[in-house]
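The sequence and structure come first.

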Amino acid sequence: MEFVLIQPGTMTVGKIELTCPTFPDTRDVPDSEKWTEEDFKLCQEMAKRDSRDGFLVSISKPYYIGKFEVTQGQWKKVMGSNPSHFQGDKVVGDSDLHPVENVTWEDAKSFIQKLNEIDPAHSYRLPTEFEWEYAARAGAEELLSWSETGKQAWIQKSDKGTTNAVGQMKANPWGLYDMLGNVWEWVEDFYNEDVFAHPVPPVSGEVHVLKGGSFISDVTNATYFFHGGGPGNGYDVGFRVVREVK
């Protein structure tokens with residue numbers, strides 16, 4: 001596995017600033033399409049209602065995170081099997097280079113337990129949700145533009161009906177691949193039954209958090225801002241690993 005060192009820092013989580021356009025010149029707009037002053041007032045009220053201030057999160061310790069999602073080849077070396085739906089003649093190229101999928105949160109934890117047994121010189125684990133999001137953002141405070149998302153994310157726009165070999169899309173500015181799209185990724189935290197993370201993650205829950213979207217996600221869902229609750233579809237759910245800094 002290849003890892004990228006992530007240094008400590010801060011980010012604002014869950015911030016959404018919604019605005020309305022200024023009242024336009026409507027002389028050349030058909031009457032049926034014209035906005036009234038009441039329309040714009042309503043828009044402003046809705047934008048104010050749905051905007052969020054967010055909250056500051058500090059990542060206090062450095063950590064290594066997988067440069068790529070865990071692949072089917074890596075899974076087979078550790079676990080001796082391959083649970084993935086997309087393998088063999090269902091994929092283009094070597095399926096060992098495609099992300100492992102069709103794995104539960106418990107499956108991911110079992111993989112990591114065995115990985116720690118194989119390599120006792122290091123300590124491996126799932127990322128927390130905040131560690132995952134901090135690495136995915138790579139210093140950005142705003143959402144990626146739709147065009148940039150299309151370059152970095154293997155999503156519905158580029159979907160060929162299957163996962164993609166890891167590392168084929170553009171890396172984010174910190175050198176991490178497929179943080180958006182390809183497969184949803186398990187993280188350590190429990191799901192809070194909300195669209196966004198809360199400042200303090202829940203200590204218990206029914207399911208765990210998935211981040212990043214998959215190859216069947218559209219551009220509005222493939223974002224580091226939002227999270228989902230597992231188990232998802234199964235065939236589009238994988239994970240990546242964190243290695244502790246000694």
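## Cavities

The largest cavity holds about 60 Å³ of space. The model is a predicted one, and the structure holds three cavities of 30 Å³ or more. Met 1, Glu 2, Gly 66, Phe 68, Glu 69, Val 70, Thr 71, Gln 74 and Val 241 line the largest cavity. Sorted by class, this lining has four nonpolar, three polar and two charged residues.

The second largest cavity has a volume of about 40 Å³. Its lining consists of Glu 129, Phe 130, Asp 189, Phe 190, Asn 192, Ala 197, His 198, Pro 201, Pro 202 and His 227. H4 and E6 are the elements that give two or more residues to this lining. By class, the lining of the second largest cavity has five nonpolar, three polar and two charged residues.

## Largest pocket

About 370 Å³ of space lies in the largest pocket. The pocket is lined by 17 residues, and those nearest its centre are Glu 142, Leu 143, Leu 144, Thr 223 and Phe 225. The lining has ten nonpolar, three polar and four charged residues.

E5 is joined to strand E10 (residues 242–244) by two bridges, and the two run antiparallel. At this pairing, Arg 125 stands opposite Val 242 in E10.

Is H4 mostly covered or uncovered? It is mostly covered, since nine of its nine residues are buried. The buried residues in H4 include the charged side chains Glu 129, Glu 131, Glu 133 and Arg 137, and also Phe 130, Trp 132, Tyr 134, Ala 135 and Ala 136. Just after H4, Ala 138 takes a positive phi of about 55 degrees.

## Strand E6 and its partners

Strand E6 (residues 184–190) is mostly covered, with five of its seven residues buried. E6 pairs with strand E9 (residues 237–239) in the parallel sense over three bridges, and Gly 238 in E9 is the bridge partner of Glu 185. E6 is also joined to strand E7 (residues 208–211) by three bridges, and these two strands run antiparallel. Phe 190 stands opposite His 208 in E7.

His 208, found in strand E7, has a relative accessible area of 8%; residues under 20% count as buried, so His 208 is buried. Not counting residues up to four places away in sequence, His 208 touches Trp 105, Trp 186, Val 187, Glu 188, Asp 189, Phe 190, Tyr 191, Gly 228, Gly 229 and Gly 230.

## Strands E2 and E3

Strand E2 (residues 9–13) and E3 run antiparallel and are joined by five bridges. Val 13 has Phe 55 in E3 as its bridge partner. Which residues of E3 form the covered face, and which the uncovered one? In strand E3 (residues 55–59), Phe 55, Val 57 and Ile 59 make up the covered face, whereas Leu 56 and Ser 58 make up the uncovered one. In a regular strand the side chains alternate between the two faces of the sheet.

## Loop backbone

The peptide bond from Gly 230 to Pro 231 is cis, with omega near 10 degrees. Pro 231 lies in the loop between strand E8 (227–229) and E9. Gly 230 is also listed among the contacts of His 208.

Asn 102 is a residue other than glycine with a positive phi, near 65 degrees. Asn 102 sits in the loop between helix H2 (72–79) and helix H3 (105–118), and at 37% relative accessibility it counts as partly exposed. Glu 193, likewise a residue other than glycine, has a positive phi near 65 degrees. Glu 193 is found in the loop between E6 and E7. Its relative accessibility is 60%, and the cut-off for exposed is over 50%, so Glu 193 counts as exposed.

Methods: Residues numbered from 1 in each chain as written. Predicted model: local features only at pLDDT ≥ 70, side-chain atom pairs only at ≥ 80, totals over all residues. Heavy atoms only, no water. Buried < 20%, exposed > 50% of the residue type's maximum accessible area, 1.4 Å probe, protein only. Helix = DSSP H or I, 4+ residues; strand = E, 2+ residues; numbered from the N terminus. Pairing = 2+ DSSP bridges. 1 Å grid on protein atoms, 1.4 Å probe; cavity = no way out; pocket = protein on both sides within 12 Å on 5 of 7 lines; lining within 4 Å. Points joined across faces, edges and corners; volume = space filled by probe spheres on them. Contact = heavy atoms within 4.5 Å.
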